[in-house]
Amino acid sequence: MYRAGVVLAALFFGWMLPGQLQAQNVERITEEIRAAVHSDYDYVKENLEDKPDTFSEEGSVEFWSSGGLINVVPPDVALRSYESFNLSPKHIHVIPITDEVAVAQFYVEGSYQEVGLPPVNHYLTRATQVFVREDGEWKIRAAHWSPVTGGSGTHQTAIVM
């Protein structure tokens, strides 16, 4: 009976049970992840080069929209350069798991051309990215990209070293 009273009091006063996130943390993390996703795409649009230091110190494990096999992306992977880049993330849905881990699911649409590769004129994919907080910054730890029917994925199927 005492234990049930403590649980009810915790719920009534908004205290946290172990492993749960408070609502204000969910909102904060959601906004931080959305901002991180937008920041990555905005950086590339402005600089025509991948944003540096976006991957976890452990790297990232990814399936790409090209349909290739799994890729292990090292944290210091060479940055790609672009002739043009007009991709935009849309409908970003964030699932905070803990204060240090969150998952983002969204669509990416637009066109781009990497230096030395043919253009992708109608890129349209679903994206899932797992983020971890390292040194106060959100970093990508895993990702899965899959083309939406009628859209294109990337040309690249493996990391070029």
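This is a predicted model: local features need pLDDT of at least 70, side-chain atom pairs count only at pLDDT 80 or more; totals for chains, interfaces and linings use all residues.
**Exercise 1.** Which residue is the bridge partner of V61 in β2?

*Solution.* Start from the pairing of the strands. β1 (residues 60–63) and β2 (residues 71–73) pair in the antiparallel sense, over three bridges. Now look for V61. Its bridge partner in β2 is V72.

**Exercise 2.** Do β1 and β6 run parallel or antiparallel, and how many bridges join them?

*Solution.* Find β6 at residues 137–147. Three bridges join β6 to β1, and the two strands run parallel. Check two positions. E62 stands opposite A143 in β6.

**Exercise 3.** Which side chains of β1 are buried?

*Solution.* Walk along the strand. The side chains alternate between two faces. S60 and E62 point to one face. V61 and F63 point to the other. Buried means under 20% relative accessible area.

**Exercise 4.** What is the order of the strands in the open sheet, and which are the edge strands?

*Solution.* The sheet has six strands, in the order β2-β1-β6-β5-β4-β3, with mixed pairing. Go to the edges. β2 and β3 (82–96) each pair on one side only. Neighbouring strands are turned by 25° against each other on average, direction ignored.

**Exercise 5.** Which strands does helix α2 lie across?

*Solution.* Locate α2 at residues 23–47. The helix lies across β3, β4 (101–114), β5 (120–134) and β6. Then take its direction: α2 runs at about 175° to β3.

Technical notes:
Residues are numbered from 1 along each chain as its sequence is written. Side-chain values use heavy atoms; hydrogens and water are left out. Buried means under 20% relative accessible area, exposed over 50%, partly exposed in between (1.4 Å probe, protein chains only). Helices (H or I, at least four residues) and strands (E, at least two) are DSSP runs, numbered from the N terminus. Two strands pair if DSSP finds at least two bridges between them. Axes are lines fitted to C-alpha atoms, for helices over the stretch in contact, and angles run from 0 to 180 degrees between N-to-C directions. Contact means heavy atoms within 4.5 Å.
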